[in-house]
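I opened the notebook to follow charged pairs first.

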Amino acid sequence: MSTQSSPETRRSRRSQTSPAEQGSPAARRSAKAPSRRGSAPTATSRQKGPSKSSERASKAAVQLQDRWRRLRETTAVTTEPAREAATGWWGKNVQPVLEVISPLGWLVLVITVGSWIVGLVFGWAEAIVAGLVGVFLLLLAIGFILGRSSYKVDLDLARSRVAVGDRAVGAIEVTNTADRALMPAAMELPVGRATAVFQLPRMRPGAVHEDLFTIPTHRRAVITVGPVRSVRQDPLALLRRQLKWTEPEELYVHPRTVALQGSSAGFIRDLEGLPTRDLSSADVSFHALRDYVPGDDRRHIHWKTVARTNKLMVRQFEETRRAHLAIALSTSTSEYATENDFELAISVASSIGLEAFKEQRNLSIRTHAGPVHTETGRNMLDDMTRIEGKPLRKTSVDVARETADHVPNASVFFLITGDQPTAGDLRKATNHVPPGVRAFAIRCAHGLETQRANIGDLTVVSIGDLQDLGLALRKAAA
């Protein structure tokens with residue numbers, strides 16, 4: 001009797017391998033070599049594990065930084081009133097006391113405290129004596145600075161703007177506004193980096209004391225004058241008490257300039273202006289005739305043509321533009337041999353600018369630092385006074401290009417520099433000037449012979465003395 005096995009049994013029997021088959025080389029190779037399909041997910045899982053953990057760590061770090069930033073902002077907002085109050089209290093009560101003690105006073109104070117500590121700890125009588133002497137000197141100094149002063153102080157500068165070499169005079173008027181006589185005191189007036197000292201005599205109530213002073217104006221500068229302050233100090237200058245009575249004022253020492261006396265008339269053409277392509281019904285430069293249109297100005301009717309053609313005709317004009325001066329001033333000290341040459345260049349630029357204002361020309365001045373205010377002659381000179389020369393990588397080429405870009409409607413262009421740039425540099429700088437604009441390059445250096453030369457369309461003028469500027473410009477315009 002035969003027994004039939006089910007399909008599941010036969011399938012399971014086929015799946016079982018005999019020991020001989022398991023020991024065969026093929027079976028061993030199949031057992032050792034994992035399937036590619038099974039190994040790929042394992043490798044992928046190993047690669048994804050570290051990336052997810054690093055992402056979680058970076059997110060945690062970002063969150064921690066964000067929380068720390070919020071905490072700092074919250075703390076700053078919360079403690080700001082307290083910090084402001086502490087700063088105000090320190091500046092109002094503590095800082096004035098600390099400013100009273102001079103460096104010598106701090107030294108005496110440290111020695112006094114140290115002497116007392118050494119004397120008490122080690123029992124040195126000499127140290128205690130030194131401490132007593134220090135205490136005596138400090139108490140004596142306190143007696144000199146105590147007291148109350150009541151003054152009315154007026155600081156008067158005759159002129160707040162002068163030129164180099166002009167006399168700058170000022171006055172201080174001090175009035176005793178107290179009900180009692182005031183002892184002699186000293187008044188200090190800071191003038192730039194220097195300080196002038198005025199001695200006040202014993203003043204009765206209502207007494208007035210006046211002192212005059214002169215400020216040297218050898219160089220172009222903006223000088224801060226004041227504030228006027230009264231000073232009380234002991235003979236050893238351990239303590240020094242100051243009271244301010246006025247606000248500081250500024251004295252502008254403008255660059256030295258010369259009057260050109262109309263010498264620019266040769267090259268600033270403003271009689272007829274420079275014509276443009278825009279047409280106008282009223283101007284200076286005549287263009288053509290056209291038919292009369294109701295509303296036209298009857299003064300422009302050309303009556304000779306009307307009589308010949310029996311038709312109303314009016315004149316048509318080309319719009320003109322007034323001469324616009326553009327000045328490019330190099331402030332790079334590498335292009336000047338000396339500091340005096342740089343001052344000469346500023347004086348040349350200022351003189352041409354003042355002449356432009358005198359003849360009612362439009363003016364634009366630009367340096368490496370940017371534009372100069374040219375609303376009025378006073379504003380221009382104030383800004384020219386503040387100009388400082390610095391060693392820069394930029395050259396005359398850069399300031400000429402920037403000026404040409406920012407003043408496209410210029411009719412006359414000046415490039416003012418020292419004697420260090422070569423002829424090729426000057427030519428390269430003025431290549432940025434638009435066609436039709438008359439260009440001048442002015443080389444400034446003390447000792448140069450005043451002369452004129454041409455490099456293509458560029459006129460190069462050499463200036464060795466400011467007084468020769470007018471003559472040099474007349475030659476350049478010829």
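This is a predicted model: local features need pLDDT of at least 70, side-chain atom pairs count only at pLDDT 80 or more; totals for chains, interfaces and linings use all residues.

Is Glu339 buried or exposed? At 53% relative accessibility it counts as exposed, because the cut-off is over 50%. Its side chain meets that of Arg219 in a salt bridge, N to O 3.1 Å. Glu339 sits in helix H8, and Arg219 in the loop between E6 and strand E7 (221–225). The two are 120 residues apart, so I noted a link between distant parts of the chain. Arg219 is partly exposed, at 39% relative accessibility.

I went on to Arg386 and Glu250. Their side chains form a salt bridge at 3.3 Å, N to O. This pair also links distant parts: Arg386 belongs to helix H9 (residues 377–386), Glu250 to strand E10 (residues 249–254), 136 residues apart. Arg386 is partly exposed at 44%, and Glu250 is partly exposed at 38%.

Next I checked Asp291. A salt bridge joins it to Lys311, with 3.4 Å between the closest N and O atoms. Asp291 lies in strand E12 (residues 285–291). Lys311 lies in the loop between helix H7 (303–309) and strand E13 (313–321), 20 residues from Asp291 in the chain. Both residues are partly exposed, Asp291 at 39% and Lys311 at 42%.

I also found Asp66, Arg69 and Arg70 linked in a network of salt bridges. The count for the model is 14 salt bridges.

**Aromatic pairs.** My search of the whole structure gave five. One of them is Phe122 with Trp124: ring centres 5.7 Å apart, planes at 35°, so tilted. Phe122 is exposed at 57%, and Trp124 is partly exposed at 49%. Why does the pair Phe414 and Phe440 count as stacked? Its planes are at 20°, and under 30 degrees counts as stacked; the centres are 5.4 Å apart. Phe414 is in strand E17 (residues 412–417) and Phe440 in strand E18 (residues 438–444), so the pair ties together parts 26 residues apart in sequence. Both Phe414 and Phe440 are buried.

**Helix H12.** I listed the buried residues of H12 (residues 469–477): Leu469, Gly470, Ala472, Leu473, Ala476 and Ala477. They cover an arc of only 165° around the axis, so they fall on the same side of H12. Their cover includes helix H8, E17, E18, strand E19 (451–455) and strand E20 (458–463).

**A sheet.** I traced an open sheet of three strands, order E1-E3-E6, paired antiparallel. Strands E1 (151–157) and E6 (208–215) are the edges, each pairing on one side only. Neighbouring strands are turned by 15° on average, direction ignored. Seven bridges join E1 to E3 (residues 168–176). Tyr151 stands opposite Asn176 in E3.

Conventions: Residues are numbered from 1 along each chain as its sequence is written. Side-chain values use heavy atoms; hydrogens and water are left out. Rings of Phe, Tyr and Trp (its six-membered ring) pair if their centres lie within 6.5 Å; planes under 30 degrees apart count as stacked, over 60 as edge-to-face and the rest as tilted. Buried means under 20% relative accessible area, exposed over 50%, partly exposed in between (1.4 Å probe, protein chains only). Helices (H or I, at least four residues) and strands (E, at least two) are DSSP runs, numbered from the N terminus. Two strands pair if DSSP finds at least two bridges between them. Axes are lines fitted to C-alpha atoms, for helices over the stretch in contact, and angles run from 0 to 180 degrees between N-to-C directions. The arc is that of the directions from the helix axis to the C-beta atoms. Contact means heavy atoms within 4.5 Å. A salt bridge is a side-chain nitrogen of Lys or Arg within 4 Å of a carboxyl oxygen of Asp or Glu.
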